[in-house]
Amino acid sequence: MLEQLEQIKAEAQAALEKVSDLDALEAWRVAHLGRSSPLMNSFKQMGGLSKEERPKVGQRANEVKVALEAELETKRAMLKQAALSASLDEEQLDVTLPGRALVRGRLHPITQTLRRIYAIFAEMGFQVYRSREVESDDYNFTFLNMPPHHPARDMWDTFYTSTEGVILRTHTSPGQIHAMREFHPDPIRVILPGMCYRYEQVTTRSEMQFTQVEGLAVGKHITLSDLKGTLTDFARRLFDDPNVGTRFRASHFPFTEPSAEMDVECFVCGGKGCSVCKQTGWLEILGSGMVHPTVLRYGGYDPEEYSGYAFGMGPERITMLLHRIDDIRYFWRNDLRFLEQF
Ligand code: DAH
């Protein structure tokens, strides 16, 4: 039995010599130290030995086991070291190679326009006021001077929800009421940016989903001149031209009286007339007016004491003008070939 152990040891050592990678080493461990290896079997056979022989054989078998385990660990360490140096040799870094250029992300063109608008109004003392996109019928229409069944409601094709009276806002104007009810009776100067929704045919000029920036100023001495001055200055800053021509055209919105639309001189043709301005020389950029007394009252302000102006513009339209983009659908299509140009 003792001789047999020596033979087991010698065979295991010879086999270990030939092992040259970690997988083979694991196979060797199973074969020579595993549960059904000759060495382990010799432990099982010890029951059949005489009393005198048993301790000697047992001791020797243990010694062989400990020795083989030690050789296993030495070999494992050696193989790992060899694998490491091999991979270091193979994967040498050439620090003189040029790097790979990183693809840089960028802001969406509409986000860029929004930020430009925020910056201009921030300098004029307007705060950004965030309002909800899911609105009640009251806020979207009634409080803006369009009671139920008022024909002016048809100006906006509305997404209704399955909950009675809950809709997606068709414009940012309902935020005016939220702001007034929150700030009353203090004076207000806010812009209200955000997404709006309309159940409309998607065309080159209209999307179902688009952004607006609303503006609202309420105080005790606010006049139409303030509105004109603020918006004229805004247009000059937005188009980066202190001499850009602007004009106000009388218009109608239920929530303002009087109402006006503001045009800027066409910066493509300088006012001479071209395809961008449809030969008029002017580009419409926003709607505006003095806040209607009914709207002030719904907001909690007494129209005898307070007045205000409001305006609303479409950043998609402004971006299209700034970059001469002829199709609004590009903006929300997530086509990188388009987005990467900004
Ligand atoms: N809410 C209007 C729309 O979506 C835009 C607008 C016009 C907003 C005049 C205003 C305003 O605040 O005074 O068509």
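Student: How far apart are the closest N and O atoms of arginine 247 and aspartate 263?

Tutor: The model is predicted, with local features requiring pLDDT of at least 70 and side-chain atom pairs pLDDT 80 or more, while totals for chains, interfaces and linings use all residues. Residues are numbered from 1 along each chain as its sequence is written, and side-chain values use heavy atoms, without hydrogens or water. Arginine 247 and aspartate 263 form a salt bridge (a side-chain nitrogen of Lys or Arg within 4 Å of a carboxyl oxygen of Asp or Glu). Their closest N and O atoms are separated by 2.9 Å.

Student: Which strands does the pair of arginine 247 and aspartate 263 link?

Tutor: The two residues are 16 residues apart and belong to distant parts of the chain. Strands here are DSSP runs of E with at least two residues, and helices are runs of H or I with at least four, numbered from the N terminus. Arginine 247 lies in β6 (residues 246–253) and aspartate 263 in β7 (residues 256–265), and the strands are therefore β6 and β7.

Student: Is aspartate 263 buried or exposed?

Tutor: Buried means under 20% relative accessible area, exposed over 50%, and partly exposed in between (1.4 Å probe, protein chains only). Arginine 247, at 32%, is partly exposed. Because the relative accessible area of aspartate 263 is 2%, that residue is buried.

Student: How many residues apart are lysine 65 and glutamate 69, which both lie in helix α4?

Tutor: These residues form a salt bridge with closest N and O atoms 3.5 Å apart. Lysine 65 is partly exposed at 23%, and glutamate 69 is partly exposed at 32%. Within α4 (residues 53–90) their spacing is about one turn of the helix, that is, four residues.

Student: In what order do the seven strands of the open sheet stand, and which of them are at its edges?

Tutor: Two strands pair if DSSP finds at least two bridges between them. The open sheet has mixed pairing and the order β1-β4-β5-β9-β8-β7-β6. Two strands have a single partner strand each, so one side of each lacks a neighbour in the sheet; these edge strands are β1 (127–128) and β6.

Student: Which residue of β9 stands opposite leucine 216?

Tutor: β5 and β9 run antiparallel and are joined by seven bridges. Opposite leucine 216, β9 places alanine 310.

Student: What residues does phenylalanine 253 touch, leaving aside those up to four places away in sequence?

Tutor: Phenylalanine 253 lies in strand β6 and is buried, with a relative accessible area of 15%. With contact taken as heavy atoms within 4.5 Å, phenylalanine 253 touches Met155, Ser259, Ala260, Glu261, Gly287 and Ser288.

Student: How is the pair formed by the rings of phenylalanine 143 and tyrosine 298 classed?

Tutor: The structure holds 17 aromatic pairs, meaning rings of Phe, Tyr and Trp (its six-membered ring) with centres within 6.5 Å, whose planes count as stacked under 30 degrees apart, edge-to-face over 60 and tilted otherwise. Phenylalanine 143 and tyrosine 298 have ring centres 4.8 Å apart and planes at 40°, so the pair is tilted.

Student: How many residues apart in sequence are the parts tied together by phenylalanine 143 and tyrosine 298?

Tutor: Phenylalanine 143 lies in the loop between α6 (137–140) and β3 (166–168), whereas tyrosine 298 belongs to helix α9 (residues 293–299). Phenylalanine 143 is buried at 12%, and tyrosine 298 is partly exposed at 32%. The parts tied together are separated in sequence by 155 residues.

Student: Which residues form the one aromatic cluster?

Tutor: Tyrosine 301 and tyrosine 306 form an edge-to-face pair, with 4.9 Å between centres and 80° between planes, and both are buried. The cluster comprises Phe121, Phe126, Phe234, Tyr309 and Phe311.

Student: What distance separates the centres of domain 1 and domain 2?

Tutor: By an automatic or database domain assignment, the chain is divided into domain 1 (2–90) and domain 2 (109–339). Taken over C-alpha atoms, the separation of their centres is 83 Å.
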